[in-house]
Every structure is written in C-alpha cells, then in structure tokens.
Amino acid sequence: MLRIFTILMAIFFAVTPIVGQEANDIVATKLSIAVEKNAPNIIKGSVKTASPIIAELVETDDPAAMRFLSLWQEKSLWYRKTDKRIFAVKEQEDGSFDLLDFNNLEVVANLPKKQIKQIKPNSGLRALIAESLVAFRLLNEDKQVRQEAVANLARSGKAQHLQPLRAALLIEQDQVLKNEMQRLETLLTVQFGETSQERVEAIKSTTDSLSVDTRANLNRIVATQIKLNSELPETANIARVISPGSTDFSVEQAYDLLIAADLAKPIPTVSERKQLLIDNIENGKVDGFTIHNLATEKNRDAAYLSLVADGKVPFWSPGLNAEILVAQYEFVEVFDEPDANVTTAAMAALDTIERKVAMSEFADVALDGLSLASIYFLAAIGLAITFGVMGVINMAHGEFIMMGAYTGYVVQQFITNYTVSIIVAVPLAFGVTFMAGVLMERLVIRHLYHRPLETLLATFGISVALQQLAKNIFGTQARPLTAPEWLDGALVINDVISISWIRIAIFGLSILFFVVLMVVLNKTRFGLETRAVTQNRRMAANMGINPNLINMLTFGLGSGIAGIAGVAIGLYAKVTSEMGGDYIVQSFMTVVVGGVGNIWGTLAGAVMIGFLQKGIEWFNPANTLAAQTYMIIFIIIFIQFRPRGIIALKGRAAGD
Amino acid sequence: MGGVLTKFLMKHPSILVFLGILSVFTLFVTVGSEAFGVGFISTSLVKTLGKTLCFCLIAIAMDLVWGYCGILSLGHFAFFGLGGYMIGMWLMYERTRLIVENSMANAALPPTPAEIQEAIGTQIFGVVGGAEIPTIWMFAHSLPIQLALVALVPGLLAFVFGWLAFRSRVTGVYLSILTQAMTLALALYLFQNDSGLRGNNGLSGLQNIPGLEAMPQSELSIYFFLLSALALGVGFLIAKLIVENKMGNVIMGIRDNEARVRFLGYHVETYKLFIFVLTAIMAAIAGAIYYPQAGIINPAEIAPIASIYLAVWVAIGGRGRIYGAVIGAALVSMLSSWFTGGQAPNIELGPLRVVWVDWWLVLLGLSFVAVTLYAPKGVGGLFDLLKTERSK
C-alpha cells in the first residue's frame, strides 16, 4: 500500500507544475463525465470495451486523464460498491481507506475496506493502457520514466506516437536520451510519416545506422507479396515481375494463387490420387484393376484415369501440368507500401546499409581471425620451443595447457578476489608446468633424443596418464575459471563489430610472449646457448655449454609458457581434463605450417590458420565443423607445396 | 603357385606356428561357445574376441607401415572406420529396406518403388532431418559393390594422400602430424549432419545381418569370429610374404636410411605408396569385419586418439615383428576391456582406494612410457631373450 501511495504522490508532484489550476477545473469535468459514462466498462475491464474508453481519455489531452490511466493500469483504482463511483484511494492507519477524487487527488470520503472494491484490469488491458500512456510518459520529469517510454516505443511504436515523440524531442534536455529519441523519431517517420517527401528524407538519414532495428524497419517497408498481375489495381506499387519456378517462387505457390483467384482447379496430388484409389477399392479391385498390379506409378495412373472416366473422382490427366498453366499468367511482387517513392528510397538505403554492414562484418571477421590466431599462437608457442627449437615432439603439451588452467582454478578456490587470483595464478601456473616440464625432460625425454618418433609415443603415454589423473582429481565436469570484472564485457565499435575484452587480453598476452621470447632467444646468453645446442649439440658442449642443462631449461620454458597459455585459454573456455586435446592437433599444425624452428614461423602459422578458419566460417557460418574440415584439408595440401612451412630454415640449421 | 607357397612356408616355420596357434584358439572358442559347444564362453565374450582379432589385423597393418617401412601413420583408424562405414551402409540400407517392405506389405495399395525409397530415406535419415537418400548411398543396395568399396574407398584415399605426401617428401614427424590431420578432418567431416552418413549418430543396428534375421546372435557371433580369424590369418600371411621377400628388404632399407635406398636406384615413393595403400586396405577390411560385431559406428571412432592407441599397441607388442603387433593389440585391448569393464578387483590401500575404471588409463600411460624407455622392442623382445638363452 505504501508503495502505491508513493507512486501516487510521485505522479501527483510530477503532474502538478504543468497543469494550470484553472484549466484543470474545466477539463476535469470532461474527464469526470467520460469516466462516469463508462464506469461499468472500466470496472469490467475487458480489452474490447476498454479501448474506445482509453482513446476517449487520451483525446482529452489532460494530465489528470493520463494520471487516471496510470492508476488504472497500476490497479490503484477502486470503486464504491453502493454507487459504482470510481476513486483513487489512500489507506489509513486504522485500515480504512480515504477516497480521493481522481481529478485533483483531494480526499472526498473515508470508508472501510468492505464498502469498496479494487478494479483489476487484466494484463492485456494493462499493456494496452501502457501503450497509450507512452506518449504522455515521454514528457515525464523522471528520466527513468522517459527512458522506459522510449524503450517501449522502440519495441512497439505506432503512428499516433509520432507527434508526441516530436514534441518530447523539442524539450528533451538529456543528450543521450535525445539522440535515442531522434533515432526513434526517424524510424517512426520512415514508417508513419505523413508525406512521401518527409518519409524519403527520413529514410535517407537512416543510412548512418547499422542497427538491427533500422534494418528491420526498412525491411518492413520493402516487404512484398506475390500476386497475380491481373488481380491488382492500377496504382499498385509493383517491385518486379516474377516467374514461377524460380528459387523464391515455386510453381506450386503460383498454382495456389491461381486456385485462390478461381482461375484453376486443384490438381490431385500423387498422395491424394493414391488415397482416392484406396477409397475406391471394391472386392480387391479398383475399377477392374487388381490391387497387386498397382505397385507402379504407371498402373496407378491408368486406374485413376479409368475412375475419372467413370466420374468417380476429380479430373486429372497425365498432361495436366501446373507449369504450363501458370505460364499463362503474369505474377508480380507487390510492395505492401503503396508509395513508390518511399519504397525506392528504402531499397537504396538498404543497399547502402548492407554494403556498410558487409564491410563491418568483414572487419569483425578479421578481428575474430586475429583473436583466434592469438589463441592458437598462445597454445602453440610453447610447442614451437620444444618441438621447433629442440626437435622434441611433446604430445603432452596439451596437458600442460590443462595443468595451467587447473592451477588457475585451484588458485581461485583460495583467493576469491579474481584480479588478485589471476595475478597469482599466472606465475604459479608457469612454475607448476615449468617443474613438470623439467621433470619430464629429466625422466623421459633425455633418454630419447636420438629417437624422435619415440618421444612422440612416450609423451603420448604421459598425456594419457595426466589426462586421466586430472579426471580422477577434478572430475569430469567443466570447472569455471572466472575472469576479473575489468575483463567482462566487450569492446563495442558499432552494431556489428564487437570484441570481448578477454580476447583483447589474450591478444596482448600473445604479443607480449612473442616479444619476450624473441628477446630471450636472440639477446640473452641463455638464448644463445639454446640456439647453439639446437644447431650442434657436440660443438656446443665443446664450447663449455652444458647441453643437458640447456635442454632441460628450454623444455621447462616451453612447458611453462603452455601453463600460462592454459590460464588465458581457461578464462574464455571452460576448464576440463580434455581441453588439452582440443588444442594439440591445431598447435602441431600451427608449428608445422609456420615452419619449424623459429618463433616468426609460429606467428605466421597461427595467423594463417586463425584467419583461414574464420574466413571459411564466414562463407558458411552455420557450419563450423565444415570450416575446420576444409581448413585441415587446405593445410594438408599446403604442406605438399611447402613441406618446411611458411618460414623454412635454410642451411645447416635446417638439419635432417 | 602352390609349390612356391609351400616352399615359402617351409622356409618360415613361424608362419605355421602362428597359424597353428590361431587355429587352435579358434577351435577352442568355437567349442566353448554357446552356439556350437559347451557354452562356457558367452556370446558377448565371443564378440569381444572377434573384435580383438580385427584389432590384431589392423595392428599388423600398422606394423607393416611403421615397424617395417618407418612411416608412423597416426591415421590408420580413418581407414578402419571408412571400411566399417562402407559395409555399414549396406547393412543399414538392406535391413531398413526389409523392415520397410514388411511394414508396407499390408498397406491398402502395394507400394511403388518410389514410395519404398522415400520410406527408407525417412527411416534412415529422419534422425538428421533428411528424407532423401544421398548420392553416396547409390550402391548401398548391392552387397558386392559395397564390399568392393570397402577396399576401394580407403584405398583411394590412402593413394591420393600418400601420393601427395610422399611425392613432396614429407617424412618423419611431419608425416605423422599430417596423417593425424587427415583423420581429424575426416572425423570432423563425418560429424556433420549433412555428410550423408548420419552425422554423430553414425550407423547403427549393424549386428543384424539382413536376410539372416532367423539366425540367433550367438551363432552369428561365431561366424564373424571365424571370419575375423580367417582375415587375421590371411593378413599375417600376406604381411609375411611381403617382409620376408626382397621387397621386405627394400622397405626396411627405406626405414633405416631412405636416402641410401634412393641412391641405390629404388623408387622409394612407389614402395612407400604401395605399403601405405596396402595397409590402408587391410585396415579397412579389419574395420568391415569389426563393426558388424560392434553393432554401431560413429565418427568418434576415428578421432585421432584411436590411431595413436594403435601405435601404442604395436609399440608395446614390439615393432618390426608381425607377431609382436598381434600380441600387443590383443594384450592391450583385452586388458583395457578387462580393466574398464569393472571386472578387475579394486585395490584397497588403506585410505587410498584404487578403482581400476579410473586408474587404468594412468597405468596404461605410464607403462607405455616404461616400455618405450626400457623395452623398445616391446613384449616381442622377450622372445629374442629366450632365443639368445637357448643358443648359449
């Protein structure tokens, strides 16, 4: 009750300043008369009887009438049982109700609850009232209310809203809301503007917007129906002549139009004819044809024709061809909108918008490709070091990614502040996977340097074991790795182009990795030694480098990077024990396509694969599986022509 | 020809030993089966054994291509699956046709051929929202053609892929990754609903052989078991024929030093291609016998992981010896089904409880690492130890 009262007061204060006391008195009587006249119907509250009443009240153009409608909608109107007079009410502390005059909200009487009854309009009626109130609410002092009204209009704007919207636009102070109103005004003008000139102007000005509702609006204007040309009046706004049998207009549809226009009779279809044959079975025969002979289309037709000759079934003959019949008529697409100027302008505007949308979509696909490329790069960069630089095939690389992601998950169980937990998780993930990598190198890979294919199998064994281990520890369901709030949401450039902050962060991270690795490998003592060991292990050993130590550290570095990649990937995908497997084949392909043995190659490979996959998806958006299939086939073919990858090492470093 | 074969067999008694063991085993299972014997071997076990023999056959193929020719193919399960799909198409189509014709026999009007086709299409492809029978099913009504396709389709795929890869001298790890990509691409393709092979539903009901509805599964399983054994025996013989001849020396030469064999004037690519295609066909035949026993095939079966497991079997059994592949495949796949089937007793270690369903893969992975590190010759290497003991 208190809430209702508050709303009442709010409305009261909102309205009073606009209303002159004098005017109120005059119009108020109008309102009173209207209400009194329609009281039974207002109390009954059916949509059908109420809509003329609402129209009548709106027409009074009186704030008090609007307030009355609001009260009605909010179920705040009550009526006195004795004389069915309608009042607004205010509950008193003793449980009785003050009855208020809805014209000026002055107390008229006080009654116990038993003597009055609430008017409860149903939801359909409340929606109807809300719609008619929208225009009025556009002028409300409360910005919140105006915003809601605008949003309401955007959903279901009607012709009668155009004038109030324009009026509101003139006095609107808030710039954001004003822009939104302006946009809405244009859209409504496009649809309901009075003169053709006005509408064309409005249509032309919509071409700046790429939003879906602009396009929907324009599409509504250029909506067409297919009609028989001879059936149309002279003035019809014809879009184009369309011939039956084209992709969007089948012969059957054309024939149905002829039937509807009484120009043709329905042709019995195959199944209808079959049914008629069945209906005419007598003693195992259909008009002299034995049933078991009717197992071919030809015999069935013969039987049907003989039934036709007997006049038992509707006419049909094999030569009866809908195609020939419909060819004698001209079919046209007609705009629902009668004004040719408007439709032409709308078509042109749609063209322009679609061109812009296509360009934006292209940019969006490019961004998607870039983001996918950076994910592949992150996943593959660790592999590029272990596989590329050291020549070791680590099938457990995917499981290192998984380990990193689970490390992040475990950290989040202890540190609930997501920002802090990510800051802790990244170095920790590096540490964990670095140790795992070093351990693996010492225990397994060290013994297999001369048998590269067997490292593949041994590391596969480790991969299987690790995966199952993770499943045993963390269970099979996906675990969330929650991003901090500042990574929530997306960077929205326009209605088509947007990219989530996580993806931008991953992009930044991969750039960082790239730079750091380039520096480490090319500018530090460790990098120099790594490259030396890679190129010639024995010679490097002669120069005083400890190749075992270098290999161990390099492997640890590659694994550690996989761990960090795991945290990043876990942020935007779910953490499961199988997540490593999702990336391992792609990672290998990235490294191989790019060219083994250098970071630049991995970058090139990731960029190529990422863009390729998104590009193929763009052509066939419904089917990402197909996109992946075609991409892999492309890679297989690509390897035929550049077996050493995009950036191939030359000279001694190429090895073999 | 017969004389040559006899001479070959006399020269290599190990073949006779293997075939002998296989025959005894087959006889044992048949006698123990429910259909033809005392019945202490259940029908499902017969099926498992039959499937294991198929795994042994594809393991032989893997050993030929990897152990002898040095091509670590991580895609042979793609051929296995394709073989299964090819025979599965006939099984499913014919069975559906019989069912449809049966159900339509009582219709008011006898069905026309077009109506039957439509009903079959709806029955098979309704699950992926289609009703038309795709073009690739055009021979599905004919058993001989589909049987030929079992060999032809995977053979052709292997030929095209191998020709492209070997021609541009993709070797070693690169080739492995490429074959892995191939099987991944195929699996992803088959996962699509519009691939014409029912997407991720795969083909099902393959254990029911059209025309043999009256035969109980217990009897059918024995026939398929015998067929698997026969295929394995023939596969073993063919593999031996290849590796124990001059050709075997050439391909082993390719494995050990490809460049040197090329310099000796051999056309390395042709040899590799021959082995690759031959083993693909062997894999496909194994698949074609396997899936009627398994009853269902779907694209998940040819995911890259399956082919890696194949390499694992061969490595555990011992590469470069045909019987090693057989031992490895039989051992690991039987152990796998024993452990994951929940039959293995769980171990109670105080507070820790080892449930084998959960821990088997960990054990397998680690034992695989151990085999690679400490027993590169695999289980088959034990036989070498025995031999050297004896010769001392």
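In this predicted model, chain A has a radius of gyration of 38 Å, whereas a compact globule of 656 residues would have one near 26 Å. Along the principal axes, the C-alpha atoms of chain A fill a box of roughly 110 × 90 × 55 Å. Of the 656 residues of chain A, 38% count as buried. Take the contacts in chain A between residues at least 6 apart in sequence: 69% of them join residues at least 24 apart.

Secondary structure comes next. Chain A holds 25 helices and 13 strands.

Strand S2(A) covers residues 86–91, and strand S3(A) covers residues 97–100. S2(A) and S3(A) pair in the antiparallel sense over four bridges. One bridge can be traced by residue: Val89(A) has Leu99(A) as its partner in S3(A). The two strands form a hairpin with five residues between them. In that turn, Gly95(A) has a positive phi of about 90°.

S3(A) also pairs with strand S4(A), residues 107–111. Here too the sense is antiparallel, over four bridges. Leu99(A) finds its bridge partner Ala109(A) in S4(A).

Three strands of chain A form an open antiparallel sheet in the order S8-S9-S10. Its edge strands are S8(A), residues 281–282, and S10(A), residues 289–290; each pairs on one side only. S8(A) runs antiparallel to S9(A), residues 285–286, and two bridges join them. Ile281(A) stands opposite Val286(A) in S9(A).

An unreviewed UniProt entry places the feature "transmembrane region" at six spans of chain A, namely residues 375–397, 418–440, 501–521, 549–572, 584–612 and 624–641. Consider two of these spans in the model. Residues 418–440 of chain A are 100% helix and 0% strand, and the end C-alpha atoms lie 31 Å apart. Residues 584–612 of chain A are 86% helix and 0% strand, with the end C-alpha atoms 18 Å apart.

Turn to the contact between the chains. Chain A gives 43 residues and chain B gives 41. On the side of chain A that touches chain B, the elements that give two or more residues are helices H12 (270–279), H18 (452–474), H23 (579–594) and H25 (624–641) of chain A. Which helix gives the most? H18(A) does, with 14 residues. By class, this side of chain A has 30 nonpolar, 10 polar and three charged residues.

Helix H14(B) spans residues 356–374. Its buried residues are Leu361(B), Leu364(B), Gly365(B), Phe368(B), Val369(B), Val371(B) and Thr372(B). They sit on the same side of H14(B) because they cover an arc of only 165° around the axis. What do these buried residues of H14(B) pack against? The partners are H18 of chain A and helix H12 (304–317) of chain B.

Note on methods: Residues numbered from 1 in each chain as written. Chains lettered and ligands numbered in written order. Predicted model: local features only at pLDDT ≥ 70, side-chain atom pairs only at ≥ 80, totals over all residues. UniProt positions renumbered as here; feature names shortened; annotations may be inferred. Contact = placed C-beta atoms within 7 Å. Nonpolar A, V, L, I, M, F, W, Y, C, P; charged D, E, K, R; others polar. Pairing = 2+ DSSP bridges. Buried ≥ 20, exposed ≤ 12 C-beta atoms within 10 Å, placed from the backbone. Arc of directions from axis to C-beta. Rg over C-alpha atoms; globule rule 2.2 N^0.38 Å.
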